[in-house]
Every structure is written in structure tokens, then in C-alpha cells.
Amino acid sequence: MSYEDSARIINDDIFELVNETFRQEKSSRNNEWRLNFFDTYNNYFVLTDDGSYSINSKEINHKVETLHTSSGAISESFEKFIRPMKFNYDEDIAILDICAGLGYNSSAAIADFMKNSKANLTIDMVEISKATLACGLMVPSPIPEHDITKRAIEDELIAQDYATLHLEKAEIPENIDINVFIEDARQTVQRLEDNTYDAIFLDPFSQNMAPELFSVEFFKQFRRVIKDDGIVATYTSAAPIRAGFIEADFYIGLGPIFGRMQGGTLASPNPEMLDWSLPKNDEIRIALSDVGIPFRDPDLNSSSEYILDARTEERHEARHNTRISSAVKTPIFLGQEMDDEKLKRRVERNLAKMNIPSTTSDEAKYIVEVENAYSEKQDSKNNSTKRILEMKKRLKKVKD
């Protein structure tokens with residue numbers, strides 16, 4: 001199986017139907033195949049609460065999920081990827097959109113830009129799957145700016161001999177430049193120039209499906225191509241992703257909450273660009289637990305399975321050696337009295353292996369002492385990243 005086949009996440013049935021539609025368009029040069037697609041196969045599309053459409057994923061672990069939150073597909077783009085940004089609208093803006101999918105995130109960026117700026121906008125969209133991008137041509141546009149994105153997608157699909165007919169009539173404004181890369185994002189990002197982007201949208205389907213797009217090495221490429229005041233936004237709150245950003249020399253903060261119980265993650269070279277701290281227990285688990293071991297892809301070409309297996313092995317080796325066991329969320333009890341005696345015994349067995357006698361020992365209090373300065377509002381001196389790094393240092397001192 002090719003990387004494109006394994007990385008593609010849209011439903012297998014719609015994947016085949018879309019490919020067949022464009023094969024028929026090519027052979028017949030008849031626009032009805034594409035124009036009738038949505039009405040014919042609308043059962044494969046999912047109407048979300050704001051009136052925009054999503055698509056079902058292929059079956060993953062015996063489950064089928066939509067590509068976007070049911071709260072609203074296009075609203076999710078605005079809330080998670082546009083609202084956290086701090087663009088200077090007086091200057092040109094450049095955005096890198098990883099896993100562009102149906103084009104909603106780029107469309108939201110265009111809408112925001114056209115409302116606020118007269119400068120120039122560059123968007124580099126990256127998506128591995130031609131069929132996924134083609135689905136973006138099929139869905140009704142949730143906002144007018146999606147028609148602009150559709151035009152750029154169609155142009156590239158025609159250039160790659162996937163689509164044949166020019167059916168998208170929207171004109172791309174002269175001050176907007178949209179480049180569409182249909183390939184492995186790991187290869188794209190290595191060719192990009194340093195210090196280019198004001199924002200990076202990171203929107204893979206899940207870390208378990210695409211850990212290669214959440215690796216430390218991938219994030220180091222982000223660190224190279226992003227501007228000093230740029231912001232990376234992603235929907236996930238997962239510990240290995242947040243830990244990966246820190247190892248790649250980013251500061252991290254809490255992203256907006258929309259359609260989920262937890263906020264996403266923001267990362268920037270400049271801590272002043274990030275307003276909100278991660279939850280305190282998230283900081284502790286990232287710093288001290290084996291759950292904070294990031295994904296690694298040293299040559300930016302490993303398979304998803306290899307990356308997942310390598311992390312599992314690294315977690316196993318770190319547990320009780322350099323990291324506290326993540327079992328029963330052990331680290332979050334440091335410095336606390338525990339009333340549940342059964343849970344306390346399990347927690348303190350894990351702590352003893354790291355030279356921490358109990359949850360209320362001097363060693364335990366020393367490690368998490370930095371959390372006494374915790375503030376939801378963060379700045380350059382008091383922030384999640386500094387606390388996480390300090391707790392890691394203190395754990396090492398106690399264990400050694």
C-alpha cells in the first residue's frame with residue numbers, strides 16, 4: 001500500500017466514487033458527472049450544526065467519524081484556526097495549511113483577510129489525497145470565499161491530470177496567491193524557505209492515524225519556516241504533541257475550545273503570542289509522565305506504524321527510569337494528600353521507583369513547586385513551557 005493510500009482518511013466508498021467521477025469526466029468531457037455528484041451521493045456527506053458539510057472517515061478501530069466536529073465544520077475553522085491568530089493586517093500575510101482537506105481552513109483565512117486587509121495573502125495548502133481535495137469541489141460552499149479556494153484546488157487537480165473541466169468560475173483576487181501541494185507534507189515542508197509563515201494550520205485527522213505529522217522532526221521544520229511572531233494552531237490537546245512542540249523549541253499555550261471538552265494547542269517561538277496556559281495537570285503529565293514522550297521521525301520518512309511502535313518502546317524504557325509511570329495518572333498527585341488508600345498505594349509504588357517516597361514528601365513537593373506560580377494568563381516569564389521544563393529538570397535531580 002502506498003503512503004497516499006494509507007494516509008487518506010475519507011470513507012472508502014466515497015473515495016472510489018470520487019475517483020470514478022473524475023475518470024468519467026476525463027473520458028466523456030461531460031460536466032454532469034461532477035455537477036450531479038453531491039445530489040446523487042449526499043448521503044456520504046454530513047450536515048453539521050452551522051449548515052456546512054463534513055464527510056465520514058474510513059473505518060478506524062471499528063468506528064466511523066466525521067472529519068469535522070458536528071458543532072459546525074466551517075465554524076471550527078474560524079474558531080480553532082483564525083480566532084487565535086494575531087495577524088498584522090497592515091503587512092503581507094503567509095499561511096501554511098497542512099492537511100487542507102475540503103479547503104475550509106484556507107477559506108476561513110481568506111474571508112478573514114479580505115475583511116481586514118488590503119495587503120497580500122499567500123496560502124500554501126498541503127494535502128496528500130487528490131480525492132479529498134476533489135470532495136472540496138463537490139460540497140456546497142459554506143462561505144463565498146470557499147469558491148476561491150475551490151478554484152485553486154481545481155486548477156491544481158487539472159494540472160495533475162486528475163480533473164479535466166474548468167467548472168469553478170470564481171476569480172482569485174490579484175492580492176491572493178494560493179499554492180496547492182498534493183503530496184506528503186513532510187516532503188513539502190523541507191523545501192519551504194526559512195522564516196516565511198505568519199501562521200501554520202496543522203489539521204491531520206488524528207495522531208494515531210498520522211503520527212508522522214506530529215513528530216518532533218516535523219515540528220523542527222515548522223520552527224525553521226515560521227516567523228518569530230508566528231503561531232501554529234492545531235485542534236489536539238494530546239500530551240505527546242505538546243511535548244513535541246517544546247522539544248522543537250516552541251512555547252506552547254491553550255487553544256480555543258470548540259466542539260470538544262478541551263482546548264487545542266497553540267505554539268509559537270515567541271511566548272508573548274500565547275495568552276493562556278495549559279491546564280495545570282496537563283503541564284504536570286507532559287513534564288513528568290511517560291505519556292509526555294513525543295513522536296519521532298528522524299529522517300521524515302518513517303511509516304505511521306514504525307513511529308507508533310518506536311514511541312511505545314521509548315515510553316517503556318523511560319517508565320521508572322526518566323519518567324514517572326502514567327498509570328492511574330500518578331504524577332498529578334504529587335504534593336497532594338490522598339484519601340483513597342487503594343489508589344494511594346498504587347501511586348506511591350510508582351513514585352518509589354523514581355526515589356519519591358510519597359505524594360507529600362519533600363521530593364514530591366520540590367518537583368511540583370513551580371506550579372505554585374501557576375496562572376491561567378501566561379507571559380514571557382511565567383508560562384506553561386518554562387514550568388514543564390523546570391519540572392523535568394527537578395525530576396531528573398531527584399531520580400539521580
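Here is a short tour of the model, stop by stop, with something to select at each one.

Before you click, note that this is a predicted model, where local features need pLDDT of at least 70, side-chain atom pairs count only at pLDDT 80 or more, and totals for chains, interfaces and linings use all residues. Residues are numbered from 1 along each chain as its sequence is written, and side-chain values use heavy atoms, with hydrogens and water left out.

**Stop 1**

(Strands are DSSP runs of E with at least two residues, helices are runs of H or I with at least four, and both are numbered from the N terminus; two strands pair if DSSP finds at least two bridges between them.) Pick out A199 and you'll find I231 of strand 7 opposite. Now follow the chain from strand 6 through helix 10 (residues 216–225) to strand 7: this β-α-β crossover is right-handed. That is, with the strands pointing away from you, the path from the first strand over the helix to the second runs clockwise.

**Stop 2: the largest pocket**

Select D203, P204, F205, S206 and Y235, which lie nearest the centre of the largest pocket, out of 47 lining residues. (On a 1 Å grid over the protein atoms alone, a pocket is an open set of points where a 1.4 Å probe fits, with protein on both sides within 12 Å along at least five of seven lines; lining residues have an atom within 4 Å of a point.) Its volume is about 980 Å³, meaning the space filled by probe spheres set on the points, which are joined across faces, edges and corners. Helix 5 (73–82) is one of the helices supplying at least two lining residues; helix 5 gives the largest share, three residues.

**Stop 3: the second largest pocket**

Go to L254, P256, L266, D275 and W276, nearest the centre of the second largest pocket, which has 13 lining residues. Its volume is about 240 Å³.

**Stop 4: S302**

Finally, select S302, in the loop between helix 12 (280–288) and helix 13 (304–318). Is S302 buried or exposed? S302 counts as buried because its relative accessibility is 13%, and buried means under 20% relative accessible area with a 1.4 Å probe, protein chains only. Show R186, E212, D297 and I307 too: S302 touches them, not counting residues up to four places away in sequence (contact means heavy atoms within 4.5 Å).

Technical notes. Buried < 20%, exposed > 50% of the residue type's maximum accessible area, 1.4 Å probe, protein only.
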